[in-house]
Amino acid sequence: MNLVFDIAWTHVRYRVRQTGFAVAGVATGVGFSIMMAALMQGSQNDFTKRLVNTLAHITVSDERRNPPAQPAEKMFATAEIHGLTPEARRPGIKNPLATMAALEAWLPGGIGPSVKVQAIIRYANHDVSTTVTGIDPRREAKVSELAQQMRGATLNALYRATNAIVIGDRLSEKIGARIGANITLQTSQGARITAQVVGFFHTGVRQQDESTAYVLTKTGQILAQQTGLINELRIRLADPLKSREVAARVENDTGYKSVSWEEAYEDLLSTFVIRNLIMYAVVGAILLVASFGTYNIISTITHEKARDIAIMKSLGLREFTVRSIFVLEALIIGLAGALVGFLLGYLLSRALGAVKITNPFIDSDHLPLAYSYVHYLLAGFVALISSVVAGYQPARKAARVHPVEIIRGAT
Amino acid sequence: MSERAAKAASAAPLIEARGITRILPGIVPTTLVQGIDLTIRTNEFVAITGPSGSGKSSLLYLLGLLDLPTSGEVLIHGRATARMDEEERALTRLTMLGFVFQFHFLLPEFAVLDNVMLPMRALGRLSAEEMRARAHDLLGSLGLGDHMNKRPDQLSGGQRQRVAVARAMANEPPVILADEPTGSLDSKASEQVFEVLRDLVEEHGKTVVAVTHDLGLAERMDRHLELLDGRIIGDEFHHAPVRAGA
């Protein structure tokens, strides 16, 4: 066995209690870090998954991101025109079927046309502002998981009645409408229809479940008071993480504003960055506290072993060798702490996952947890680094011991 | 003068001290040794005596490169050591010098065999089998063959000191520096350790420099240096070294 390892291993092995406490400190830090990471990552994943599943990955609306350039601006590069009243355009996407066909040629996913109308739902003295989307149930499976999110009926129920409507379960609770109820939809343009509730859906995103309703495209067009209107194309991608770049290409191809789910929820997603920063700060703090334990044990060992250090140096061991012994001891403590911490972290995560909770914001009655080897590697890596850093200073000090001073003191 | 002692007196210098002075800095600087010139030759058996605080151990540490002189220089085999860095001094100690202290200073968690192998492992020139065989031989020759796997706290004081001698001999250095090697032992154990040191000189051709308070032992060595207040006040060659029982 290597001399440095042999001495380091013997030192930590002969101090079972002290080593045990130091290892326990690191293990606790690693364990709780893993548990926290699992919880935060789990809740983030759960939320993101819900967002991705609920929304179309890309929504192409009949708006333009920037107003079209004026003829003078096109002609003269230096011309800049401000304050013009925007041109009143006929709503809707021009030639939606042709646009869809062009996009389908390259789009890695499905696309579906829809009509989006803002309306007020009136029922039993409740007036609730709602986004009503006219859809084609046969194409809907290509662009959303609405079919799987239906409760009490299938999406095909929309064909069952004239002006059939499916509403979010929270919306139904809010207005007290059950299946078969006839509700009134009224738009700001004055359109008014009576629709029959044929089903509910539950996405898990409160905003959606509280203020969204689906009707057939035809019904949506009646509400919008425009025959043949398609004012939204909804796209679902095979890989939702590519939605930003695909949206940019769609916008470039069609000229219509294309918003990816990431852009739509940019503010929300940016809070995850802050959440992660907080998580890493807390994890770092836990491991920092644990590293104090390592510093303490290495300092104690070097103090107790001052005479042995002096004797090793008098025999001819180099400073580097002596320093390596104590740094290695810190590394052994860090490694043992990390391994025990892995087990502790896993058990803590399992225990946390077994706790039953009731939370209106999540569907599951258990906390969402993410089990990722990255959490283990990260916590283990930080534990090792902090242990080595904590052990280095006392090791360096020990290696610089002047043997004569110690030998004189001992004789 | 014995034939060996006569040879030693004419041998090449092994350790030379040229005007070495060691002053401990502080509010009141303390002079440990002052202007010492000394030549120690191959196969000499040298005693350093003097009252407490006379600078015996300090001189030994300077000769053994454990300490650096404030002025003057120490040469080992004719090579100046003043400009050696820490690495070179460590290597010189490892290969040229063996130390035995008043208290055995063995590593308490390691077995006797491991303690003896420590300098060999630090030097790393032998295979594990060769190191083990050499440690076995050394311990066997010092009568510790049955104690190789014991820890230091399971041995008597004399046995521990003999283990320390074996450790000092591990890398076969030409010089053994002993600081009060019998200081903490009873008379019987002292005699055993002295015999071991004398054997190193007579049988193995080593040079032994030993600090001692025991004038009886000093009289039995080849050469007797006497220190007072950091200066050599006596340097006596015994023409007919007194051997035990003689």
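**Entry 1: the convention and the model**

A crossing is left-handed if the near helix is turned anticlockwise from the far one by less than a right angle, and right-handed if clockwise. I note that this is a predicted model, in which local features need pLDDT of at least 70 and side-chain atom pairs count only at pLDDT 80 or more, whereas totals for chains, interfaces and linings use all residues. Residues are numbered from 1 along each chain as its sequence is written, while chains are lettered from A and ligands numbered from 1 in the order in which they are written.

**Entry 2: chain A as a whole**

Chain A has 411 residues, of which 42% are buried (20 or more other C-beta atoms within 10 Å of the residue's own, C-beta atoms being placed from the backbone). I then turned to contacts (C-beta atoms, placed from the backbone, within 7 Å) and noted that, of those in chain A between residues at least 6 apart in sequence, 81% join residues at least 24 apart.

**Entry 3: two helix pairs in chain A**

I looked up how helix α2 (residues 16–54) of chain A lies against helix α15 (residues 373–399) of chain A, and their axes come within 9 Å and cross at roughly 150 degrees (axes are lines fitted to C-alpha atoms over the stretch in contact, and angles run from 0 to 180 degrees between N-to-C directions). The crossing of α2(A) past α15(A) is right-handed. From α2(A) I listed V26(A), G29(A), V30(A), S33(A), I34(A), A37(A), A38(A) and Q41(A), which meet H375(A), Y376(A), A379(A), G380(A), A383(A) and S387(A) of α15(A). Sorted by class, this contact has eight nonpolar, six polar and no charged residues (Ala, Val, Leu, Ile, Met, Phe, Trp, Tyr, Cys and Pro count as nonpolar, Asp, Glu, Lys and Arg as charged, and the others, Gly among them, as polar).

Next I took helix α1 (residues 3–14) of chain A with helix α14 (residues 319–354) of chain A, whose axes come within 8 Å and cross at roughly 50 degrees. α1(A) also passes α14(A) in a right-handed crossing. Among the residues making this contact are F5(A) and W9(A) of α1(A), and I325(A), L328(A) and E329(A) of α14(A). The classes for α1(A) with α14(A) come to ten nonpolar, three polar and one charged residues.

With strand β3 (residues 126–135) of chain A, β2(A) pairs in the antiparallel sense over nine bridges (pairing requires at least two bridges found by DSSP), and K116(A) stands opposite T133(A). Two residues lie between the strands of this hairpin, in which A124(A) has a positive phi near 50 degrees. β2(A) pairs antiparallel with strand β9 (residues 232–237) of chain A over six bridges, where G110(A) has R236(A) as its bridge partner. Four bridges make up the antiparallel pairing of β2(A) with strand β6 (residues 182–187) of chain A, and there A119(A) stands opposite T187(A).

For strand β5 (residues 164–168) of chain A, five of the five residues are buried, so β5(A) is largely enclosed too. β5(A) runs parallel to strand β7 (residues 192–201) of chain A, with five bridges between them, and A164(A) stands opposite Q196(A). Towards strand β8 (residues 212–216) of chain A, β5(A) runs antiparallel with three bridges, and I167(A) stands opposite A213(A).

**Entry 4: a sheet and a helix in chain B**

In chain B I looked up an open sheet of six strands with mixed pairing, in the order β6-β7-β8-β3-β9-β10. Its edge strands are β6 (97–100) and β10 (231–237) of chain B, each pairing on one side only, and the twist averages 15 degrees from one strand to the next. β6(B) pairs with strand β7 (residues 175–179) of chain B in the parallel sense over four bridges, and G98(B) has I176(B) as its bridge partner.

Helix α2 (residues 56–63) of chain B lies across β3 (45–49), β7, β8 (207–211) and β9 (223–228) of chain B, at about 150 degrees to β8(B). Eight of the eight residues of α2(B) are buried, so this helix is largely enclosed by the rest of the structure. After α2(B) comes L65(B), with a positive phi near 65 degrees.

**Entry 5: where the chains touch**

Lastly I looked up the contact between the chains, which takes 18 residues from chain A and 21 residues from chain B. On the side of chain A, α1, α13 (306–315), α14 and α16 (403–410) each give two or more residues, and α13(A) gives the most, with five residues. That side of chain A has nine nonpolar, five polar and four charged residues.

Conventions:
Contact = placed C-beta atoms within 7 Å. Buried ≥ 20, exposed ≤ 12 C-beta atoms within 10 Å, placed from the backbone.
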